[in-house]
Amino acid sequence: MPTRTASVAWGAAFLLLAALSIPWFLWNDSTVVAGFPVWLWWHIGWMVLASIVFAVFTQRGWGVWMGGWSA
Amino acid sequence: MIPSPAATGALQSAVTIQIGIVVAYLLLALGVGLVAYRLTDRTAEDYYLASRTLGTVVLLFTTFATLLSAFTFFAGPNIAYGLGPEWILVMGLMDGIIFGVLWYVVGYKQWLVGREHGYVTLGEMLGDRFGSPVLRATVALVSLFWLFPYVMLQQVGAGGALSALTNGAVPYWAGAGLITVFMIVYVVLSGMRGVAWTDTLQGLFMLTMVWAAFVWVLSAVGGIGAATDAVASTNPGFLSLGDGSASPSLFGGGAYSLPWMLSQAIGIAFGVAMFPQVNQRFFVADSETVLKRTMALWPVVVLLLFVPAFMLGAWAAGLGVPMPESGNILPGLLAEYTPTWFAALVVAGAMAAMMSSSDSMLLSGSSYFTRDLYRPFVNADASERREDLIARVGVAVFATLAFVASLFNPPSLFVIGDTAFGGFAQLAPPVIVALYWSRTTLSGMLAAILGSQLFYMVTTFTPAAGETMTVWGIVVPGVMESFAGWSSSVVGMVVGLVLVVGVSVITDPSVAEQPSVLQGPTDD
């Protein structure tokens, strides 16, 4: 059974992934590096990071929030 | 001007190649359907859910191809062409992150419950949990209301694409009709297994085509740097993130403002999870491993598909490619920079992609009808074989009706189809609350579903505030459609959430309710 800490931590991790998926701090920035705007490079990196976080979640966190199903 | 014989010959051979590619794809899909048919048991569970045995690659691509195919080739690049490529970020948040999390929060939970109790549809699961055939039918009816016009839109799109591809040699009605017939044949024959296999083929094909187009166009225009420089000189606003305001603001603004981007991402992501053909896929995974791998791969697939597709749309604006008559920029760009056969291959792929969305919707629409309306209300004692038969007939009837509707092009159905994602998103808050909160009551569910649908329909279907519209002699006043920049879809979801929690708190569960259905075997 996953702990309460794990449930909260994974919730926070997912929220963070969603919150910064659009790089608000690069608002109105049009700097281009290697052919792409910087915000597009951020997107590429962020999706790779999300994939890694999801992969770790499926190994370590799978079962959180599932109540009676997770035993 | 009369075209020269050489030009006419070239045009004819291009049309021959294009029709050849389309027919080859249709035959391939039919072949896959026949192989799947031979493996199919004659039961409804096998027909709708391939007996819950889909593996990682097939589940990933069937979900993906089902949902996003036509959008990737047409609507997405068009948005990037018209407004700039920031839609990539909206897609990343929507499909890479939010839907990835919903894959677990809604999908894994439904998979657990469905495996334990043998559910095939969302309505069936909720109807059982709340002991209410009325709730079951409500979920099915609301879903079919939004699904039918959406299927029709796919047929309209495919018929139009085929007609544009062949310069009118195949008229619209014949194109839409041909595709409808092929779809009926292989969906009726092969069910979920055949649909999932053709989707996988389609998804891999789509990914290959998008990257081939990306590389081909870039090498023709002198590389990424040159293409982006062209955008910077013609449409400088495209490369800067946002709507041009100095800083992101929580309220107000148009395209690519903060509320606009978040509304699109949230509204569509939750809508996707409630779309019948996607929601039903939550029941079909072979094992937990399949669900896990699919979740982890999701953001990467989003990245691989949308960055090249949408950047092509943005670059087309920079390169000064005019919007072709068909109203889709990607075929225009390809016609400019790649040989005919390649452009035809991509357009044929896109058209086939619309089919891969429609086939899944037909299958789910039929299952909602047989499982949630026919069985509980018409013939409760239907045998497995009979239900299987009804399901297949249901597919044919659903497809034929949508085809007939598409011939009349009723504008009201267009509006419903275009706003379907928001309509489905309204189902998400009550469903998620029900999945996780055992105090949810039947009254809460009905209030939330009906209340949020009413809210969304009134705000969406009435004219903008301040205007009026006359329907059958009755003057309908305008109601606001966006709330300080936030869409009525997202605001409607909040209304649904408040209703399901609020009404559940003040009402008692009815006697027939069984919270244990969703709680799991070991809950305390």
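Over residues 7–27 of chain A, the chain is 62% helix and 0% strand, with the end C-alpha atoms 32 Å apart. Helices here are DSSP runs of H or I of at least four residues, strands are runs of E of at least two, and both are numbered from the N terminus. This is a predicted model, in which local features need pLDDT of at least 70 and side-chain atom pairs count only at pLDDT 80 or more, while totals for chains, interfaces and linings use all residues. Residues are numbered from 1 along each chain as its sequence is written, chains are lettered from A and ligands numbered from 1 in the order in which they are written, and side-chain values use heavy atoms, with hydrogens and water left out.

Residues 39–57 of chain A come out as 100% helix and 0% strand, and their end C-alpha atoms sit 26 Å apart.

As a whole, chain A has 2 helices and 2 strands, running α-β-β-α along the sequence. Its radius of gyration is 16 Å, well over the 11 Å that the globule rule gives for 71 residues, so chain A is more spread out than a compact globule. That radius is taken over C-alpha atoms, and the rule is 2.2 Å times the number of residues to the power 0.38. The C-alpha trace of chain A spans about 50 × 20 × 15 Å along its principal axes.

Chain B is another story. For its 524 residues a compact globule would have a radius of gyration near 24 Å, and the 23 Å of chain B agrees. Its secondary structure comes to 20 helices and 4 strands, and its C-alpha trace spans about 80 × 60 × 55 Å along the principal axes.

Then there is the interface. Contact (heavy atoms within 4.5 Å) takes in 40 residues from chain A and 57 residues from chain B. The two chains bury about 4,100 Å² between them, 78% of it on carbon and sulfur atoms; buried area is the accessible area (1.4 Å probe) that two parts lose on being put together, summed over both. On the chain A side, A:W27, A:W62 and A:W69 lose the most area to chain B, together 23% of what that side buries. At least two residues each come from α1 (4–19), β2 (36–37) and α2 (38–61) of chain A, and α2(A) gives the most, with 14 residues.

The count of salt bridges between chain A and chain B is 0, a salt bridge being a side-chain nitrogen of Lys or Arg within 4 Å of a carboxyl oxygen of Asp or Glu. Over all chains the count comes to 7.
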